[in-house]
Amino acid sequence: MKNDEISEQPDVKIKYFCPMKCEGEKVYDQPGDCPVCNMHLIPVNHNKNHEEHDHHGHKEPESPMNVHQGKDSGDTNDKYYCTMLCEGDKTYPEPGDCPVCGMHLKKLEAVHKSGTFYTCPMHPEIRQNKPGSCPKCGMTLVPEKGIESGEEEKSYKIMVKKFRIALVLSIPVFIIAMSDVLPFLHPENISSKKVWSWIEFILATPVIFYSGWVFFKRGWSSIRRWAPNMWTLISIGVGSAYLFSVFALLFPSIFPQQFKDMQGNVLLYFEASAVIITLVLMGQVLELKAHGKTNSAIKALLNLVPPIARLITEGKEAEIPLEQVKAGDFLRVKPGEKIPVDGVLTEGNAVIDESMITGEPMPVDKSKDDKVTGGTINGNTVFEMKAEKVGDETLLAQIIERVNEASRSRAPIQRLADIVAKYFVQIIVAISLLTFAVWAIWGPEPAYVYAFVNAVSVLIIACPCALGLATPISIMVGTGRGAQMGILVKDARAIEEMNKVDTLIIDKTGTITEGKPSLKGYKSFGKLSDEEVLMLAASIDANSEHPLAQAIVNGAKEKKISLKKLDNFESVTGKGVQALYLNKKIGLGNHRLLEDFMVLPDNEKTRLVKEWQLEGQTVTYLILDKNVEGIIGVSDKIKESSAKAIQSLQKMGLNVIMMTGDNENTARTVAGELHLDGFEADCLPDDKFNKIKELQKQGHIVAMAGDGINDAPALTQANIGIAMGTGTDIAMQSAEITLVKGDLNGIANARSLSSDVMRNIKQNLFFAFFYNILGVPIAAGVLFPVFGILLSPMIAAAAMSFSSVTVISNALRLRRK
């Protein structure tokens, strides 16, 4: 059904909403303007009798943000809409500009294709499903997910075009205005001062009304919404200078003698208004270009996604779009190709470059049943794989989502800047008015001219943008750099807090050790043979997912030992496992399980167990019918990187404590080898949780690194939870930082990254505060009584433009860390 057919329904009751959501989801019965911000109300449900489907047949939620989508079930090709929704969901058959607001019309189908929402780098609470400007600060909105490089490039090219036009027109205006102070110029020999003033007006007007008009729109929008920002100051300052000059040109007789030169001509400021707009445009061009670089990490990650996959069906290969791959599909990957999705290698061998995911430069050998990650690059072999995680479930998708979420979050250090920025514009306007009054009353002749110029300089030089960008721009670049290093940060708070951590608690298995334990030994204490002890231990562990259990099962299979089927399997948290074997209770576990079975090994058995433990083995007891029938020893090799990483962390001032569920002898051996600051053994999940609470009560800032389900409570309680990417999903969900490679070096890198980002933020905040604290008084003329120095509005505009660029450029240095 077409839109015009819908509108003919006589029984439809139209509701209206404010696009700014000033009063939440409130709707109004009558058309008009919002009572809060005065924006034009937009129809929300004028096609209630019609199922809201888009042109693909998917039902759209009834939301104000979707009012322009999917209302036309016919062909939406060659239909355009206004991104400001000036006339609701009305579409236009031809491209061009909106007849209401003048904004460039956008193709309707682009919204359906992208599904992208846009947000403000300085105000992440601002969120809309179309490009535009932030209603609070006026900054250009950026995509939430992924990178809309086309939109970015388009915005940049438009700004460059406007800058070039402004530059070409402003240079002659500036030269004409400066002819009085440049002795080699004699324009009066060509024509009169009046004629040159009209030429200035003709050249400056396009700069104001074409190149700089977007700034005035932003400024007016900020005033209407009572959300003053940088554009409020620029539009007031430049607008005042331009309007003053126009009135002076048209009606010179109404101005007092103070504003006139010796020939009776009123002093004009066309050059100031034109040059200021040109300098602001230059700042915007540089800012857009630099801002594009802040997303380079996400762009690089997005470029890892291949557009197609090679599906294997009944032995035949077919290329399909990546989005059509489903979990369970079998795929073929050829030499040099990017792996399309996460999965498991089913046929062949591979040498895979995982550096773009883990940050490690060395390629990794893969064989059958090994996991492979989407976005990594195959070497010079062909292999087949089974897709396990596709779409948003892949590791690469989660990394990109983490980076996007973290870059939009706000660090606690930003609170001061937010408080200052909230009142900044009002304070600057007040200082500008005060400057005008002081110069008008006590300034030298022509006092009003001095008052006007200095008041405009104050408005122009102030830059709340640099203050607002100081923190989020560093967070954006830092989290992107972290992702390239295999460090995924959940939010900005984690970056700031990680820099304050003084105590690190780490697990042993999978954190210090490789997490791939292997069977080391097994011995019978009674009637059973050694092989029977291993057989029973493996049979009961066959139902367990614990890494130690898998090591015992794999060890038995390697020795060609057949397993038995046991009944009533049960896992006993922190102790072991138990079941029934030939109607007898059987258990495999640590000394706590011995207590549950009410058995106690004799001294000889205890001595042998201790010997194995001092060798670094984890020893479990096999208990059958209240007798200790034997022991099984499993060892987990310490990662080669652990010792160096722990040493680095200790040099950074962290106390490194190991808490493990393993026995005390094994824990002491590992702690001694790595020179840890402390250890605790025989820990249950609650023990780690309680230890963290105890340390926090003592005033410590605690980070906890772990990889298992049992670590989740402790990871949540810690000030910073660090999950090893090789661990469980629940551990990663509970943590603020995830290390893709699952290596202790990642913790050291995360600490270094945190320090670098926080140092960068403090540099940015210092510069932003210092710039405004120093610049505003100079613009007001405080140096004039002593040094005779005044700041031209044009110099003020140049300083303001470069302040934001300086902050962004400083943040970009993090990419090289």
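Mentor: Strands here are DSSP runs of E, at least two residues long, numbered from the N terminus. The model is predicted.

Trainee: Where is glutamate 314 found?

Mentor: Glutamate 314 lies in the loop between strand 9 (308-313) and strand 10 (316-321).

Trainee: Is glutamate 314 buried or exposed?

Mentor: Exposed means over 50% relative accessible area. Glutamate 314 counts as exposed because its relative accessibility is 80%.

Trainee: What is the phi of asparagine 583?

Mentor: Asparagine 583 is not a glycine, yet its phi is positive, about 65 degrees. This asparagine 583 sits in the loop between strand 22 (576-581) and strand 23 (584-589). With a relative accessible area of 76%, asparagine 583 is exposed.

Trainee: How do I read a peptide bond?

Mentor: Most peptide bonds are trans. The bond from glutamate 445 to proline 446 is cis, and its omega is near -5 degrees. Proline 446 has its place in the loop between helix 11 (414-442) and helix 12 (447-461).

Trainee: How many bridges join strand 12 to strand 17?

Mentor: Strand 12 (residues 342-347) and strand 17 (residues 383-389) run antiparallel and are joined by 5 bridges. Opposite glycine 343 stands alanine 387 in strand 17.

Trainee: Which residue in strand 15 stands opposite valine 344?

Mentor: Lysine 371 stands opposite valine 344. Strand 15 (residues 371-372) runs antiparallel to strand 12, with 2 bridges joining them.

Conventions:
Residues are numbered from 1 along each chain as its sequence is written. This is a predicted model: local features need pLDDT of at least 70, side-chain atom pairs count only at pLDDT 80 or more; totals for chains, interfaces and linings use all residues. Side-chain values use heavy atoms; hydrogens and water are left out. Two strands pair if DSSP finds at least two bridges between them. Helices (H or I, at least four residues) and strands (E, at least two) are DSSP runs, numbered from the N terminus. Buried means under 20% relative accessible area, exposed over 50%, partly exposed in between (1.4 Å probe, protein chains only).
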